[in-house]
Amino acid sequence: MKSPILYLVIPCYNEENVLNLTAPMFLDKVKLLVKQKKISAKSKVLFVNDGSKDSTWQIIEQLSASDKTYCGISLSRNRGHQNALLAGLMEAKDKCDITVSLDCDGQDDINAVDKMVEEYLNGCDIVYGVRSSRKSDTFFKRTTAQGFYKFLKFMGVETVYNHADYRLMSSSVLSELAKFEEVNLYLRGLVTLVGFKSTCVYYERNERIAGESKYPLKKMISLALDGITSFSVKPIRLITNFGLLVAFISLIGIVWSVVIALMGNSVSGWASTVSIVCFLGGIQLLSIGIIGEYVGKIYLETKHRPKYIIEKKTND
């Protein structure tokens, strides 16, 4: 079996502080694997500039000029991590045998790539990089992240626990992934839908080498909403079930109020009335909001707008 061509696909957004530190790590890993004849000498490190406002793209151009193993594409504007990652994967799809996607900040253990390539050579088309622990996270980060995965599972979204976007995929998987046309991307869910033989590689996540995290709580919540609304209708079913429960309780209340009135024991009051009205009003607004979220997703999907636009490329 000939050595596969590997592309490391690395989305970058405002990473000027860390890129010059981590890029040599990626290059060294590729060259070591080439030297060990595990991958082809045509393998690349592909950076995806996600509309950065700093000098990230200039650094990518300099890296590409310094070594032919580096290459890069630049999106016309910031499209978000998931779209930038997809852009890199689709760019590499017809040029390689396998891709490994990972973050630019150096937190994903680059040495796990060795094991991922071995698993591919053993017949796996997808290899998930899974964190073996979260001891490097703060208590808040660890609690919210674990709650995030459990909540997705509860909502019926099929995901790999403690897996982000550090994974190996073969060109066969990428070809099938390209057939998914939804605009609201949640790649962690899409990849599991593709199928093919898969396995997991466990690794320790490192501290960020430099710069600040580009995934604050607000973006994590947004990603969770995309994952739930793109892969599950369970929230709407919960609304239906809860509506039936409230309707049943209301029916009991109506019967009770009629019986009390016929017995002549009714007393005019406002507290109970206000409480019921406020409760039902809140439930209705929440339900309309959740349904509106789904309607908004449908609205965006029907437009069929491009998920990204590539503005520039380095010489590949």
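Which residue forms a salt bridge with R167? The first legend gives the partner. The model shown in every view is predicted.

**View 1. R167 pairs with D165 in a salt bridge.** The closest N and O atoms of R167 and D165 are 2.8 Å apart. Side chains of opposite charge can pair when their charged atoms come close. Buried here means under 20% relative accessible area. R167 has a relative accessible area of 1%, so R167 is buried. D165 comes to 6% relative accessibility, so D165 counts as buried too.

**View 2. K313 forms a salt bridge with E91.** Their closest N and O atoms lie 3.1 Å apart. Look for K313 in strand β8, residues 310-313. Look for E91 in helix α3, residues 81-92. The pair therefore ties together parts of the chain that are 222 residues apart in sequence. E91 has 14% relative accessibility, so E91 counts as buried.

**View 3. E91, K95 and K313 belong to one network.** Salt bridges that share partners join these three residues.

**View 4. D67 and K31 form a salt bridge.** The closest N and O atoms of this pair are 2.8 Å apart. The pair links distant parts of the chain, 36 residues apart. D67 sits in the loop between α2 (56-66) and β3 (70-75). K31 sits in helix α1, residues 19-35. K31 is partly exposed, because its relative accessible area is 41%. By the rule used for these pairs, the count comes to ten salt bridges.

**View 5. Helices α1 and α2 pack at an angle of about 35°.** Two packed helices are described by the angle between their axes and the distance between the axes. For α1 and α2, the axes are 11 Å apart. The crossing of these two helices is right-handed.

**View 6. Residues of α1 meet residues of α2.** Which residues of α1 take part? They are L19, N20 and A23. On the α2 side, the residues are T56, I59, I60 and L63. Sorted by class, the contact of α1 with α2 has five nonpolar residues and two polar ones.

Note on methods. Residues numbered from 1 in each chain as written. Predicted model: local features only at pLDDT ≥ 70, side-chain atom pairs only at ≥ 80, totals over all residues. Heavy atoms only, no water. Salt bridge = Lys/Arg side-chain N within 4 Å of Asp/Glu carboxyl O. Helix = DSSP H or I, 4+ residues; strand = E, 2+ residues; numbered from the N terminus. Buried < 20%, exposed > 50% of the residue type's maximum accessible area, 1.4 Å probe, protein only. Axes fitted to C-alpha atoms, helices over the stretch in contact; angles between N-to-C directions. Left-handed = near helix turned anticlockwise from the far one by under 90°. Contact = heavy atoms within 4.5 Å. Nonpolar A, V, L, I, M, F, W, Y, C, P; charged D, E, K, R; others polar.
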